[in-house]
Amino acid sequence: MSMDYATEKVRENGNGVELPSTQRLIPFENKEHSPESYEDMQLDYSPLLFSSLERYLPPNMLNLPRDRKVHFLSDILTRYSPQGEHTRVQKHRTYRQKILSNYEPRHKELYTMNAAYFFVPSFLKAISENSEESFRSIMAEPTAGVYTFEMFQPKFCEMLMAEVESMERWVHDQRFHIICPNTMNKYGVVLDDFGLETMLNKLMEGYICPLSRVFFPEVGGLTLDSHHGFVVEYGVNRDIELGFHVDDSEVTLNVCLGEQFYGGDLFFRGVRCDKHVNTETQSEEVFDYAHIPGQAVLHRGCHRHGARATVSGHRVNLVIWCRSTVFRELKKHQNDFSSWCGDCQREKKERQRLSVAATKLELLKRNGISAS
């Protein structure tokens, strides 16, 4: 069984530079420290990333001015980035600034978080109550780790699709080269590049994080600090299907915005760590899901999945990859992921079975009883 990746895998140490001890984060979180907001600063990385990492600053730096902390954290992020990553970030920043300076939004109300206008009442009520019971009251879990629920109002879906059409028309008129949503999808737009980053950050922080903390704590759901938000399109003269892959995320939100279409079902094939990402699918891990406009699907990024062919019509999906820097750093130092990886669980059970069998055999030998 082959596996395609939606993006390149993160390397352990991007440029091989060993950080001096004075330029390292501490290995534990300052839980009593309240990090500052960096939303108003021009940064090469997500403002949420700096707020998240601030809790891991050395104690003597916690009360320094923000610009000092930004300099320290930016230097660490640059050193840990793969070769050429900093240059890529700078080029992307220039690209994004060119769009933001010239593109005129069609629906400006999309660019600020208006919860009552965006979400259906049942979803808002569950978020306000903020409990596993309230979340489960609006959710279905048709297979382990995949949650479906009604999230956005139809008028929001229609408005976002109209905004995407406006973005694409502007790109065409400007004869502008647009960056694709990811390496697998060729049709759609990265919403963050068109000025929706702040709104999507608030969506992640206020409405995805409460869910991920409850349902995905073992894969970074407790510490989401950045996102990649985009819209993808399937159908005639668009992408037809999406190959079997894992996302470059800890938690993924996938919402079908519309329109009229036939086909395009999602298929899921089990949760895997990097070591087992290509292993065989077990029968109990097979699950197919038919998209419903307005319905959201929430799952781990490492839950292997794909999309079958959209054979007619036009399907548009909003996808938000939510990421945790802390989880990715901690994952480098672990070998066993039996708390969430299907194959790690099976390997652990097999080791336990063999250990019990060996112990029984040893006890039989001590008592002079033949193993046969």
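In which strand is the place of Arg323?

Analyst: Arg323 lies in strand 13, residues 310-323 (strands are DSSP E runs of at least two residues and helices are H or I runs of at least four, numbered from the N terminus). The model is predicted, with pLDDT of at least 70 needed for local features and 80 or more for side-chain atom pairs, while totals for chains, interfaces and linings use all residues. Residues are numbered from 1 along each chain as its sequence is written, and side-chain values use heavy atoms, without hydrogens or water.

Arg323 counts as buried because its relative accessibility is 18% (buried is under 20%, exposed over 50%, partly exposed in between, with a 1.4 Å probe and protein chains only). Leaving aside residues up to four places away in sequence, Arg323 touches Thr223, Leu224, Asp225, Ser226, His228, Asp248, Ser249, Glu250 and Arg328 (contact is heavy atoms within 4.5 Å).

Turning to the helix pair, the axes of helix 5 (residues 121-129) and helix 8 (residues 197-215) come within 10 Å and cross at roughly 65 degrees. Helix 5 is therefore roughly perpendicular to helix 8. From helix 5, Phe123, Leu124 and Ile127 meet Gly206, Tyr207, Pro210 and Leu211 of helix 8. By class, this contact of helix 5 with helix 8 has six nonpolar residues, one polar and no charged. Helix 8 also has a kink of about 50 degrees at Ile208, shortly before the proline Pro210. Among the buried residues of helix 8 are Tyr207, Ile208, Pro210 and Leu211.

Technical notes:
Axes are lines fitted to C-alpha atoms, for helices over the stretch in contact, and angles run from 0 to 180 degrees between N-to-C directions. Angles under 35 degrees count as roughly parallel, over 145 as roughly antiparallel, 65 to 115 as roughly perpendicular and the rest as oblique. Ala, Val, Leu, Ile, Met, Phe, Trp, Tyr, Cys and Pro count as nonpolar, Asp, Glu, Lys and Arg as charged, and the others, Gly among them, as polar. The bend at a residue is the angle between axes fitted to the seven residues ending there and the seven starting there.
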